[in-house]
Amino acid sequence: MSTGAHGNRPTRNQQREAARAKAKELREQQHKNDKRRKLFIQGGVAVAVIAIAALFISTIATSAPKEGPRPANMASDGIVLSGANMAAVLSEAGSPGADPVANLPLPGSSTVAIEVYQDYLCPACQAFDAANAEQLQTLVEAGAATLELHPIGMLANQSAGTKYSIRSTAAAACVANYSPDTFWKVNQAFYANQPQEGTPGLNDDEITALIDAQKPQNQSKIAKCIKDKTFVPWATQATDYALTGPMAQAAKDSGAAGVGTPTILVNGKVYTGSIVDPKEFLAFVTQVAGESASTTPATPAAG
């Protein structure tokens, strides 16, 4: 009986050992594969986290408010008109993002300093202007007063998403920067063409045309300034500053519940009378002027 082929066949014990060895090898290989997969996943997650973080930082960087340039002739965030033809008092632009520098009345000056915080979408501002613009111009051109106009965008959310208040404020800053002596005419044109609250208001081309009609200097530069939205960041900053600074203090001084436009100051004192009664406003100006004169220190006699 032949036994050669049968004698080379592995025994059952040998088969079991071989199976165990193969199973062990497969387990070790699976373990290595699992480990590599885990490292790959961890690495991928890390890369994803880094990418998300980079995107987040980039988003913050692009969406965060940027300090824009300041307009010339508005060192106080307002433009001061004085003397004949409502000429602007000139001032340097200052550094981007710099705080405004308040214009303080000269002690003992017979010239009254009138300040108006206004919004070109504000109906009450338009009403004050309609009632008082003529006598304000008379007072300024006679040398009895200076007029400091502070356009702000308090009603930026009341124009169907177009932020007309901010855009018109920024456009007014373009005029102050490139054609300051035309500011008063442009100011009046904004009120004469005031849109209703809740509407989109004038678009940038319409604002440019409105300003062009006043024949300012440097029309092309003003148009580019409006198109490029050069002073939109400043308009936003000036609005925030007014609402948390000068206007808030004025409201506190007058006992008002909150800030609002128009806010009118005469030698730093808040006017709380009727905004549509020019006689009442003139009486207030006269009263403040008299009080200021009575507190003027006497000049020492020469020895």
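For the first entry I take a pocket to be an open set of grid points with protein on both sides within 12 Å along at least five of seven lines. The model I examined is predicted.

**Entry 1: the largest pocket**

I looked up the volume of the largest pocket and recorded about 610 Å³ of space. I then listed its lining, which comprises 31 residues. Ala102, Asn103, Leu104, Glu115 and Glu148 lie nearest the centre of this pocket. I asked which elements each supply at least two residues of the lining, and noted S3, S4, H8 and H9. By class, I sorted the lining of the largest pocket into 18 nonpolar, nine polar and four charged residues.

**Entry 2: the sheet**

I found an open sheet of six strands with mixed pairing, and I wrote down the order S2-S1-S4-S3-S5-S6. Strand S2 (87–88) and S6 stand at its edges, and each has a single partner strand, so one side of each is left without a neighbour in the sheet. As background, I noted that strands of a sheet pair through backbone hydrogen bonds, either parallel or antiparallel. I then checked S3 and S5: they run antiparallel and are joined by four bridges. For Tyr117, I looked up the bridge partner in S5 and recorded Thr263.

**Entry 3: helix H9**

I turned to helix H9, residues 246–254, and asked which of its residues are buried. Met247, Ala250 and Ala251 are buried there. Viewed down the axis of H9, these buried residues fall within an arc of 100 degrees, so they line one face of the helix. On the other side of H9, I found Lys252 and Asp253 exposed. I also looked up what covers the buried residues of H9, and the cover includes strand S3 (112–118), helix H8 (232–244), strand S5 (263–266) and strand S6 (269–270). Just after H9, I noted a positive phi of about 80 degrees at Gly255.

**Entry 4: helix H7**

Just after H7, Lys229 takes a positive phi of about 55 degrees.

**Entry 5: the cavities**

Rolling a probe the size of a water molecule over the atoms shows where empty space is left. I recorded two cavities of 30 Å³ or more in the structure.

The largest cavity holds about 70 Å³ of space. I listed its lining as Arg167, Ala170, Ala171, Cys174, Asp204, Cys225, Ile226, Lys229, Thr230, Phe231 and Val232. H4 and H7 are the elements that give two or more residues to this lining. The largest share, four residues, comes from H4. I sorted the lining of the largest cavity into seven nonpolar, one polar and three charged residues.

For the second largest cavity, I noted about 50 Å³ of space. Its lining consists of Val116, Gln118, Cys125, Phe128, Asp129, Leu136, Leu149, Trp184, Asn187, Tyr191 and Pro262. I found that S3, H3 and helix H5 (183–192) each supply at least two residues of this lining. The largest share, four residues, comes from H3. The lining of the second largest cavity divides into eight nonpolar, two polar and one charged.

**Entry 6: Gly143**

Last, I looked up where Gly143 lies. I placed Gly143 in the loop between helix H3 (123–141) and strand S4 (145–151). Is Gly143 buried, partly exposed or exposed? With buried meaning under 20% and exposed over 50%, Gly143 counts as partly exposed because its relative accessibility is 37%. I also recorded the separation of Gly143 from Ala84: 59 residues in sequence, and 8.0 Å in space from C-alpha to C-alpha.

Terms used:
Residues are numbered from 1 along each chain as its sequence is written. This is a predicted model: local features need pLDDT of at least 70, side-chain atom pairs count only at pLDDT 80 or more; totals for chains, interfaces and linings use all residues. Side-chain values use heavy atoms; hydrogens and water are left out. Buried means under 20% relative accessible area, exposed over 50%, partly exposed in between (1.4 Å probe, protein chains only). The arc is that of the directions from the helix axis to the C-beta atoms. Contact means heavy atoms within 4.5 Å. Two strands pair if DSSP finds at least two bridges between them. On a 1 Å grid over the protein atoms alone, a cavity is a set of points where a 1.4 Å probe fits but cannot get out, and a pocket is an open set with protein on both sides within 12 Å along at least five of seven lines; lining residues have an atom within 4 Å of a point. Grid points are joined across faces, edges and corners, and a volume is the space filled by probe spheres set on the points. Ala, Val, Leu, Ile, Met, Phe, Trp, Tyr, Cys and Pro count as nonpolar, Asp, Glu, Lys and Arg as charged, and the others, Gly among them, as polar.
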